[in-house]
Amino acid sequence: MASRLSRREFLQLGGLAAGGLALRPALSVPGNTPSEALGLVRVGTDEIRLYSEPSYSSDVVATRKKDQLLYYYDLLEADGPDFNPRWYQVDEGYAHTAYLQPVQTVLNEVRSNLREGRYLAEVTVPITQSFRDTATYGWTKLYRLYYRSTHWVTGIKEGPDGALWYEIEDELLYIKYYVLASHLRLIPDEEISPIAGSVEPAQKRVEVSIAEQRLWAYEGDEVVLDTKISTGIPYLVTSNGIPAATPMGAWTVFSKMPVRHMGNGAVTADPLAYELPGVPWVSYFHEWGVAFHGTYWHDNYGNEMSHGCVNMTPDEAKWMFRWLGPEHEQVEVQTVGHGTRVWVRAS
């Protein structure tokens, strides 16, 4: 059962992310200072291991939990899988990049004069805590939202802390909740306008290789995008009985959504629940709900990682979203139509 937060507790929870270092402090390597760090990463899974050397065969020296933020001081290639040999030097040792999301902290100017309707926005801090405002319990914790996730902003109000909070409408559950406004960047329309390309829409196509974990986007015979991706894990079956392997064959993009809440659809504040609100730049091409989309919970492209979808970096998924047909209407939650051809092959 939810419990009413005191104003002091609310200020502590809401303010944790104000500098971007939300929920857990970032740690630094002994002998180094944060000013010497190359960047910041967030643990995107339940737990990761730190090793004495950049190798899985070296000693485990520490662990870090989900949503821990770590400074890193080097990014190198060393012993590891061929598809992803990258390691970070972090506090106390080395961590493979697979479940570490590179993040930044950017605080945004707040727009208090929102027009009626909805705005597309993205999170620009590592983690931000959202809240529901209920008649019974007041402001209560809901989801943690993550860097580069996208959301529909439908309003603004003052929170118990005196700050301005954007109202978010969840497109799956049709509930509304609030996020500190400075943690969201309102995306201008021109940033997501369609990319026409140099050929007729019918001459565009996408090829996905399961064996190579790679994607190519074509305009006629010209490759306009060549990148690593992560497809479905072939030996898994999802909770609704659908195989997690990405279905092979010839398909067509038929639906696009700039924001999608994926998961079990639970209204919960549990950070370990299977809830992925704000999955960005989703382009569906198979009736099982298989899509290209941006991913904010891993950085292990080149390896099978998903429940069937084609995982991409947020930037590349955004480019694909703009380039693929059907053309997306700027403020529409969903655009449907006969779009770009997709071929998923084994080799």
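Rings of Phe, Tyr and Trp (its six-membered ring) count as a pair if their centres lie within 6.5 Å; planes under 30 degrees apart are stacked, over 60 edge-to-face, and the rest tilted. By this rule there are 15 aromatic pairs. This is a predicted model, in which local features need pLDDT of at least 70 and side-chain atom pairs count only at pLDDT 80 or more, while totals for chains, interfaces and linings use all residues. Residues are numbered from 1 along each chain as its sequence is written, and side-chain values use heavy atoms, with hydrogens and water left out.

**Aromatic rings**

- Tryptophan 139 and tyrosine 178 form a tilted pair, 5.2 Å centre to centre, with 35° between the planes.
- The pair links distant parts of the chain, 39 residues apart: tryptophan 139 is in strand β11 (residues 138-146) and tyrosine 178 in strand β14 (residues 176-180). Strands are DSSP runs (E, at least two residues), numbered from the N terminus.
- Both tryptophan 139 and tyrosine 178 are buried, that is, under 20% relative accessible area (1.4 Å probe, protein chains only).
- One aromatic cluster is formed by Phe131, Trp139, Trp165 and Tyr178.

**Charges over rings**

- A charge sits over a ring if NZ of Lys or CZ of Arg is within 6 Å of the ring centre and within 35 degrees of the ring normal.
- The charged end of arginine 115 sits over the ring of tyrosine 119, 4.3 Å from its centre.
- The charged end of arginine 345 sits over the ring of tryptophan 343, 5.5 Å from its centre.

Key: Helices (H or I, at least four residues) and strands (E, at least two) are DSSP runs, numbered from the N terminus. Buried means under 20% relative accessible area, exposed over 50%, partly exposed in between (1.4 Å probe, protein chains only).
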